[in-house]
Amino acid sequence: EAKKMGKNRYVFYNDELEKRRIRTAWIEQHLYTAISNGEISVYYQPIVDLHTKEIFGLEALARWKHPKSGFIPPSEFIQVAENNGLIIPIGTFVMETAAKDLRNLHNSGFDHLYISINLSLKQLKHPEFIQRIISLPEKYQLKPEHFQFEITETVALFEDPDLVRIIHQLKNRQFRIAIDDFGKGFSSIGYLKQIAVDTIKIDKSYVFDICSNEETAKLTNAIIAMANFLQLKIIAEGVELSEHVRFLNKHQNVLGQGYYFSRPIPFDQMNDFLQKHTTAVKSDWG
Ligand code: C2E
Ligand code: MG
Ligand code: MG
Ligand code: MG
């Protein structure tokens, strides 16, 4: 009996592995033509002041819609793109689209908004990609402060002197740097000081639990206190409920992002959203 179970488990394991291998191969194969076929687009999600409900910035998020298979989530294709190098053309497309869209929003009078763009370490390590970042403000007549780059905190980032140097280079040019998914994996105050980031984005797994788990609530309060002490800006991700807003509102200076305010939406919808939001700021979200 035990032997049989063991065998079944082995078969199951192989099945899963095989399915994943086939899926990755499919993604890889179809991702090559995704950009030229116009299947990649950029969605936007607002970053909101929890007290005033004012929108400060927009996070740009890549979307891939395959004509037959529909949306393939970034959690599936970004990793593949990092492994085969397609993250460079995809990242370039996201960045140029976001800058162009932000230029349009500034023209419509939303000239305080910044755009927040996710970068992977592969992108940071690519000299031409960094050159392209540096050329963005002039190209789109925006200030470097209008661009925030989100980097997921990893040991690899802080322990690589080349990467730390590149981040300093961007910082010195007044671009903003945010640490994404803060608290999810490895976290260290010492490292934060070392690279002088502007903002930490508290991982959504914390926010999901702040109202139901005492430990998480305390830990979140501690992270916010530490960030305040270091004079870092704070964005809480995954704000879905009014209870989340109420909890986070006990603190000053916390920005929020999440389904409570808006899901990530295409640019045209975001344009409408911003128009409506400015005329009815508080009534919408209490
Ligand atoms: P991220 O940078 O942490 O982005 C936030 C993710 O949380 C997004 O997932 C967003 O849709 C989701 N989210 C926002 N609010 C809520 C909420 O209230 N509840 C829940 N459950 N989820 C929420 P998405 O768009 O699927 O992206 C996943 C990850 O893929 C991103 O995580 C980011 O690291 C990566 N990614 C997306 N676009 C790009 C890109 O252009 N370049 C790179 N390098 N990575 C990207
Ligand atoms: Mg992000
Ligand atoms: Mg990210
Ligand atoms: Mg995140």
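**View 1. Tyr 43 and its surroundings in the predicted model.** Tyr 43 touches Glu 59, Ala 60, Leu 61, Arg 63, Phe 71, Pro 264, Ile 265 and Pro 266, leaving out residues up to four places away in sequence. The model shown here and in the other views is predicted. Tyr 43 sits in strand E1 (residues 40-49). Its relative accessibility is 18%. Tyr 43 therefore counts as buried, the limit being under 20%. One of the contacts, Arg 63, is 20 residues from Tyr 43 in sequence. In space, the C-alpha atoms of Tyr 43 and Arg 63 are 6.7 Å apart. Another contact of Tyr 43, Glu 59, is also a donor to the magnesium ion (ligand 2).

**View 2. The magnesium ion (ligand 2) and its protein donors.** Four donor atoms come from the protein: Glu 59 (OE), Asn 118 (OD1), Glu 150 (OE) and Asp 180 (OD). They lie 1.9 to 2.4 Å from the ion. Along the chain, the donor residues follow the spacing E-x58-N-x31-E-x29-D. Glu 150 belongs to strand E5 (residues 147-152) and Asp 180 to strand E6, so this pair ties together parts that are 30 residues apart in sequence.

**View 3. The magnesium ion (ligand 3) beside the magnesium ion (ligand 2).** Asn 118 (OD1) and Asp 180 (OD) coordinate the magnesium ion (ligand 3), at 2.1 to 2.4 Å. Which residue bridges the magnesium ion (ligand 2) and the magnesium ion (ligand 3)? Asn 118 does, and the two ions lie 3.1 Å apart. Asn 118 is partly exposed, with a relative accessible area of 28%.

View 4. The protein donors here are Asp 180 (OD), Asp 181 (OD) and two OE entries from Glu 237. Their distances from the ion run from 2.0 to 2.7 Å. The sequence spacing of the donor residues is D-D-x55-E. Asp 181 and Glu 237 link distant parts of the chain, 56 residues apart. Asp 181 is in strand E6 (residues 176-182). Glu 237 is in the loop between strand E8 (233-236) and helix H11 (242-248). Both Asp 181 and Glu 237 are buried. The magnesium ion (ligand 4) is 4.2 Å from the magnesium ion (ligand 2), and Asp 180 coordinates both.

**View 5. Leu 124 in the largest nonpolar core.** This core holds 82 residues. Leu 31 and Leu 124 touch the most other members. Helix H3 (residues 87-107) supplies the largest share of the core, nine residues. What does Leu 124 contact, leaving aside its neighbours within four places in sequence? The partners are Leu 119, Ile 130, Ile 151, Leu 157, Leu 163, Ile 166, Ile 167 and Leu 170. Among them, Ile 130 is in H5, while Ile 166 and Leu 170 are in H7.

**View 6. Helix H3 packed against helix H5.** The axes of H3 and H5 (residues 127-140) come within 11 Å and cross at roughly 15 degrees. Angles under 35 degrees count as roughly parallel, so H3 is roughly parallel to H5. The crossing is right-handed. On the H3 side, the residues in contact are Ile 88, Gly 91, Thr 92, Met 95, Glu 96, Ala 99, Lys 100 and Arg 103. On the H5 side, they are Phe 129, Arg 132, Ile 133, Leu 136, Lys 139 and Tyr 140.

**View 7. Helix H5 packed against helix H7.** H5 and H7 (residues 161-172) have axes that come within 11 Å. They cross at roughly 10 degrees. These two helices are therefore roughly parallel to each other. H5 contributes Ile 130, Ile 133 and Ile 134, which meet Ile 166, Gln 169 and Leu 170 of H7. Ile 133 also meets H3.

**View 8. Asp 101 in helix H3.** Asp 101 has its place in helix H3. Asp 101 counts as buried, at 7% relative accessibility. Its contacts, apart from neighbours within four places in sequence, are Tyr 44 and Phe 267.

Methods
Residues are numbered from 1 along each chain as its sequence is written. Chains are lettered from A and ligands numbered from 1 in the order in which they are written. This is a predicted model: local features need pLDDT of at least 70, side-chain atom pairs count only at pLDDT 80 or more; totals for chains, interfaces and linings use all residues. Side-chain values use heavy atoms; hydrogens and water are left out. Donors are N, O and S atoms within 2.8 Å of the metal (3.2 Å for Na, K and Ca); water is not among the atoms, so sites may look incomplete. Helices (H or I, at least four residues) and strands (E, at least two) are DSSP runs, numbered from the N terminus. Buried means under 20% relative accessible area, exposed over 50%, partly exposed in between (1.4 Å probe, protein chains only). A nonpolar core is a set of buried Ala, Val, Leu, Ile, Met, Phe, Trp, Tyr and Cys residues joined through side-chain atoms within 4.5 Å. Contact means heavy atoms within 4.5 Å. Axes are lines fitted to C-alpha atoms, for helices over the stretch in contact, and angles run from 0 to 180 degrees between N-to-C directions. Angles under 35 degrees count as roughly parallel, over 145 as roughly antiparallel, 65 to 115 as roughly perpendicular and the rest as oblique. A crossing is left-handed if the near helix is turned anticlockwise from the far one by less than a right angle, and right-handed if clockwise.
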